[in-house]
Amino acid sequence: MQTQIQNLIIDSLKNLADELENEELKNPTKETKIYGIEGNLDSLALVSFVADLEQSLSAECDIEITLADEKTMSMRNSPFRDVETLTQYICDYVAGGGAITYETSPTHHWHTQRYRQRLKLTLFAARAYCMWLLQKRGQYSA
């Protein structure tokens, strides 16, 4: 299962390589940085990647998971650091029956209000970006 999940993550990154004109994403490995410091994706590309990956996990592995939720995004150690970390996060999710108890930042509650405001703006921008991508691919018409 772990290898299959890792391959789906790698395939999702490859799908973005041409759109982002990012050579490193054309041949990702388990060490490939996804998001954050030295990451290959910005916040909008991360949303596209997550949507593609969630769909692949559902179709190929029958895993229903929401990767871009508040708990995941506010974790002290982001699961989006690299392919290996994200693979392990998803495997832990499956092994735990969908209940992951990773530790959140100690200042999590203090930042929650500010985070929600930023998240709303990011989700609005991400929705616009996803609609643009779908239009570009011919899968959406306004």
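1. Accessible areas here come from the Shrake-Rupley method with a 1.4 Å probe, and for residues only the protein chains shown count as cover. On that basis the protein chain exposes about 8900 Å², with carbon and sulfur atoms supplying 49% of it.

2. A word on the model before you look around. It is predicted, so local features need pLDDT of at least 70 and side-chain atom pairs count only at pLDDT 80 or more, while totals for chains, interfaces and linings use all residues. Residues are numbered from 1 along each chain as its sequence is written, and side-chain values use heavy atoms, leaving out hydrogens and water.

3. The protein chain has five helices and zero strands; helices (H or I, at least four residues) and strands (E, at least two) are DSSP runs, numbered from the N terminus. Of its 142 residues, 34% count as buried, meaning under 20% relative accessible area with a 1.4 Å probe, protein chains only (exposed is over 50%, partly exposed in between).

4. The largest nonpolar core has 28 residues, and I9, F49, L86 and I90 have the most contacts inside it. Such a core is a set of buried Ala, Val, Leu, Ile, Met, Phe, Trp, Tyr and Cys residues joined through side-chain atoms within 4.5 Å. At least two of the core residues come from each of α1 (2-20), α2 (43-61) and α4 (83-95).

5. Leaving aside residues up to four places away in sequence, F49 touches I9, S12, L13, L16, I34, L41 and L86, where contact means heavy atoms within 4.5 Å.

6. Next, follow α4. Its buried residues are V83, T85, L86, T87, Y89, I90, C91 and Y93, and the buried residues of α4 pack against α1, α2 and α3 (70-73). At the N-terminal end, D82 caps α4, with a side-chain oxygen 3.2 Å from the backbone nitrogen of E84. Just after α4, G97 takes a positive phi of about 70°.

7. How far should the 13 residues of α4 span at 1.5 Å a residue? The expected span is 1.5 Å times one less than the number of residues; for α4 that is 18 Å, and the end C-alpha atoms are 18 Å apart, which agrees.

8. Finally, the cysteines. The whole structure holds zero disulfides, a disulfide being a pair of cysteine sulfur atoms within 2.5 Å. C61 counts as buried at 14% relative accessibility, and C91 is buried at 15%.

Notes:
A polar contact is a pair of N or O atoms within 3.5 Å; within protein, one must be able to donate a hydrogen and the other to accept it, and residues adjacent in sequence count only if both atoms are side-chain atoms.
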